[in-house]
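Have the model open while you read.

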Amino acid sequence: MDKIPLFTNDAVVLGVLMLSLGFIFYSSNLKSGFWSQFYKVVPAVLMCYLIPAIFNSLGIISDSSSSLYLVASRYFLPASLVLMTLSIDLKAIKNLGYKALVMFLTGTVGIVIGGPIAILLISLFSPETVGGAGPDAVWRGLSTLAGSWIGGGANQAAMLEIFKYNPAKYGGMVLVDIVIANLWLAIILLGIGKSDKIDKWLNADNTAIEDLKEKMSSYTKSVSRKPELKDYMIMLGIAFTAVGFSHWASEYISDFLISNFEIFNDKTSALSSFTSTFFWMITIATAFGVGLSFTKAKSYEGTGASQLGSVFIYFLVATIGMKMDLTTVFENPGLILIGIVWMSIHAGLLILVAKLIKAPYFFLAVGSQANVGGAASAPVVASAFHPSLTSVGVLLAVFGYIVGTYAAIGCTFLMKISSNL
């Protein structure tokens, strides 16, 4: 985790990532030969994630010495959300029905019960792995995973404050979070390439999703025109004006809550996570884009607004991949095993419920990532299915942030009880 990579200059790292993305998009569009067959098995979006992960694992680049993820998540992500929600059809989103919410809540329940069940199972043959006392109690550390996997980083920080896990051992929990969450994201992305087969196995009804895709495609064709330089400049102007506004407003809201309400200023309070500027930035940027969908700005979908947003999304995918070091998978086998069992319960419950209610793989994948990955990866997964579906990922991720701290607290109390059995 602490090794110095070959390239530490962000200009060079940017070049490596963009070379990777350029090669992936070139090779994935070849109509014959090895690559044509390769991408029938492995989705291009997974390679956008996996190649930077391999480079990180080989010590060529590293997230630890780069600021590119910060740039991608704080600037490009909100910009992409604006561009990809410019043409949102709220009525069509509503017509997707209840299954999206059911799968999201199923994912939440899977995390809440997965932690204590994992502790019980691991304790049967390795009680020391889930033991500890006082600040060193493993259940306290696992509370930070619960927070991260139902909401995000702010919820994770809140759990650390509330349950007072030993800071000296916190790095081990961060490692488990990175390894397990990123491995699961890779599996989710791999499934996108096989979504038709998965939907057939689930006996899923894709009608509403296909209707939304068709409606979006028809609208795009109706307003399509050859983009000019002014169109790109106006779209970027709209997007980054929204980014600037969302940053300013998020800081203002966060400072206002901290300054005027003691409950938000208390780091041990579940409400303290709502002072996260990232949460408000994502929420405001999305609201900005939705608001513009009621104006003439919506027509910029015809000059490639969502495609431009997709460029930012794929760069974000690459920087997320750069966080994954494949060589650390077995660095702390006990905790990694807990994470694997935990995430398997989350996945198993999602598959069971999807089968029962005949939910498409799209709802399973996005419902899971709205929990485990939050606002940074749920839109990525949703847009990999179709740009018009990005807003579904955003809305569920925001909802995940809202329920995250409370669900994580409930999960932690269950883990404490399991550890004492």
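F279 is buried, its relative accessible area being 7%, where buried means under 20%, exposed means over 50% and partly exposed lies in between (1.4 Å probe, protein chains only). Before going further: this is a predicted model, so local features need pLDDT of at least 70 and side-chain atom pairs count only at pLDDT 80 or more, while totals for chains, interfaces and linings use all residues. Residues are numbered from 1 along each chain as its sequence is written, and side-chain values use heavy atoms, with hydrogens and water left out.

**Aromatic pairs**

The structure has 22 aromatic pairs. For the geometry, rings of Phe, Tyr and Trp (its six-membered ring) pair if their centres lie within 6.5 Å; planes under 30 degrees apart are stacked, over 60 edge-to-face, and the rest tilted. The F256 and F261 pair is edge-to-face because the ring centres are 6.0 Å apart and the planes sit at 70°. F256 is partly exposed at 38% relative accessibility, and F261 is partly exposed at 37%. F279 also pairs edge-to-face with W280, at 4.9 Å centre to centre and 65° between the planes; W280 itself is partly exposed, at 21%.

F256 and F261 also belong to one aromatic cluster, together with F245, W248, Y252 and F288.

**Charges over rings**

A charge sits over a ring if NZ of Lys or CZ of Arg is within 6 Å of the ring centre and within 35 degrees of the ring normal. Here are two such cases:

| Charged residue | Ring | Distance to ring centre |
|---|---|---|
| K323 | Y69 | 4.3 Å |
| K355 | W201 | 4.3 Å |

**An enclosed helix**

Helices (H or I, at least four residues) and strands (E, at least two) are DSSP runs, numbered from the N terminus. Helix 18 (residues 378–385) is largely enclosed by the rest of the structure, because seven of its eight residues are buried. Those buried residues are A378, P379, V380, V381, A382, S383 and F385.

**Positive phi**

Most residues other than glycine have a negative phi. K164 lies in the loop between helix 8 (153–163) and helix 9 (170–192) and is partly exposed, with a relative accessible area of 47%. K358 isn't a glycine either, yet its phi is positive at about 60°. Look for K358 in the loop between helix 16 (333–357) and helix 17 (361–372); K358 is partly exposed at 40%.
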